[in-house]
Amino acid sequence: MFETLKEQPADKILMLMQMYREDPRDTKIDLGVGVYKDATGLTPVMRAVKAAEQKIWEDQNTKVYTGLAGDPAFADAMIELVLGDAVPRDTVAAAATPGGTGAVRQAFEMIQMAKPDARVFVSDPTWPNHLSILKYLGIEVVPYRYFDNETRGVDFDGMMEDLKQAHAGDVILLHGCCHNPTGANLNSTEWDGVIKLLLETGATPMIDIAYQGFGDGLDADAAATRKIAASVPECLIAASCSKNFGIYRERTGLLMAIASDPARHDLNQSTLAFLNRQNYSFPPDHGARIVTTILNDDALKADWMAELEEVRNAMLGLRTQLAEELQRLSGSDRFGFLAQHRGMFSRLGTTPEKVEALRKEHGIYMIGDSRMNIAGLNELTVPILAKAIMDVGV
Ligand code: PMP
């Protein structure tokens, strides 16, 4: 029977990683795959994660199933981290999921269950997995303008114009912070405009927050998510712990569904548990337990926050260094956007041909749409990248 299957498109990022591995040049630079790397090119296990794992190893005396929605203590800890006290706790239904991707997938399925003809508005561009999961589920996608290729910031007017087409029963997918793949983000006045539009159109927001703590800090990065959640009647939030806890392979995420009033909470909660049951039954627990252990222990939490700040500041330092180096070489401010962008990524805003030239002539690997992983750089490689960018004429 399987002869009827069609070849599926290969993942472009994984293909690029393969090419990078096979490149014999020792000067090559990998700005492709989206994982944090320190100055030595390693993705370390965070100190608090190691300590929490040891604690779990010592204290855990059973591996029996948790609940269908995961351990409620994980949901409590993550709701506090993402939402603070923005909404009453009894309006938030939540389920642990395998990574942020699992949360995104379950959110789309919940939307489809509730409204089979819902359209999902997505930024152009967005994380490619949003598009491929939506396509796979047969959900209609409506792109909205987002990246301004001239300023390399957000085309806010275009975005708002496009989002006016949404109506009640549609979903507007927003990146809570550190937009992937562009690095360009809304300011707080612009977020207020989006909230006004959400209330006017009646569309439901879905917020994907995968980089809390990588942009301007844990609270600052959650500010837009909190404000939206507090302002609209209903909203979905897909949170990932992969990046900010550095536990990529543990597959740790949380889907939150916020209802207009507590009476709607139980239906949302049972729907989330039902969706987990249909897809994989109980969600993975190890990563969730690490996160819960850290967030519920003052000393571990303080150490995790300190290390996350080191990570965040390292990326900001690289951004500033790169922008300054390019200003020096080009004699202009046209690369200033690199210091304005936030999170792990920046879209350089150049052509696939120039991206190809950077790879062929300089051994610099970035995604074809010119997305660079800033964390792939270090103090020594920033000047090499800057020179190469000038050399290919970006
Ligand atoms: N959303 C966005 C925008 C992302 O960039 C990512 C990570 N690449 C995720 C969700 C989910 O990541 P994970 O499943 O690894 O937690």
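This is a guided tour of a predicted model, one selection at a time.

Residues are numbered from 1 along each chain as its sequence is written. Because the model is predicted, local features need pLDDT of at least 70 and side-chain atom pairs count only at pLDDT 80 or more, while totals for chains, interfaces and linings use all residues.

**Whole protein**

For 394 residues a compact globule would have a radius of gyration near 21 Å, and the protein agrees, with 21 Å. (The radius is taken over C-alpha atoms; the globule rule is 2.2 Å times the number of residues to the power 0.38.) Colour by secondary structure to see 14 helices and 11 strands. These are DSSP runs numbered from the N terminus: helices are H or I with at least four residues, strands are E with at least two.

**Around the ligand**

Select the ligand and the 14 residues around it; those that come nearest are Gly-99, Gly-100, Thr-101, Ser-240 and Ser-242. Here a residue is near if its C-beta atom, placed from the backbone, lies within 6 Å of the molecule. The shell divides into four nonpolar, nine polar and one charged residue. In this count Ala, Val, Leu, Ile, Met, Phe, Trp, Tyr, Cys and Pro are nonpolar, Asp, Glu, Lys and Arg are charged, and the others, Gly among them, are polar. Helix H4, residues 99-114, gives the most to the shell, with four residues.

Axes are lines fitted to C-alpha atoms, for helices over the stretch in contact, and angles run from 0 to 180 degrees between N-to-C directions.

Now show the side chains of Thr-101, Val-104, Arg-105, Phe-108, Glu-109 and Gln-112 in H4, which meet Asn-129, His-130, Ile-133, Leu-134 and Leu-137 in H5. Two residues are in contact if their C-beta atoms, placed from the backbone, lie within 7 Å. The residues of this contact are five nonpolar, four polar and two charged.

**H3 and H10**

Next select helix H3 (72-83) and helix H10 (286-295), whose axes come within 9 Å and cross at roughly 60 degrees. H3 is therefore oblique to H10, and their crossing is left-handed. Ala-73, Phe-74, Ala-77, Met-78 and Leu-81 of H3 meet Ala-288, Val-291, Thr-292 and Leu-295 of H10. Eight of the residues in this contact are nonpolar, one is polar and none is charged.

**H7 and H8**

Move to helix H7 (188-201) and helix H8 (218-231): the axes come within 10 Å and cross at roughly 25 degrees. The two helices are therefore roughly parallel to each other, and H7 passes H8 in a right-handed crossing. On H7, select Trp-191, Ile-195 and Leu-199, which meet Ala-224, Lys-227, Ile-228 and Ser-231 on H8. This contact has five nonpolar residues, one polar and one charged.

**Backbone details**

Most residues other than glycine have a negative phi, and most peptide bonds are trans.

- Asp-124 and Pro-125 are joined by a cis peptide bond with omega about 5 degrees; Pro-125 is in the loop between strand E3 (119-124) and H5.
- The bond from Asn-180 to Pro-181 is cis, with omega near 20 degrees; Pro-181 is in the loop between strand E5 (171-175) and H7.
- Arg-152, although not a glycine, has a positive phi of about 60 degrees; Arg-152 is in the loop between strand E4 (140-145) and helix H6 (156-163).

Terms used
Parallel < 35°, antiparallel > 145°, perpendicular 65-115°, else oblique. Left-handed = near helix turned anticlockwise from the far one by under 90°.
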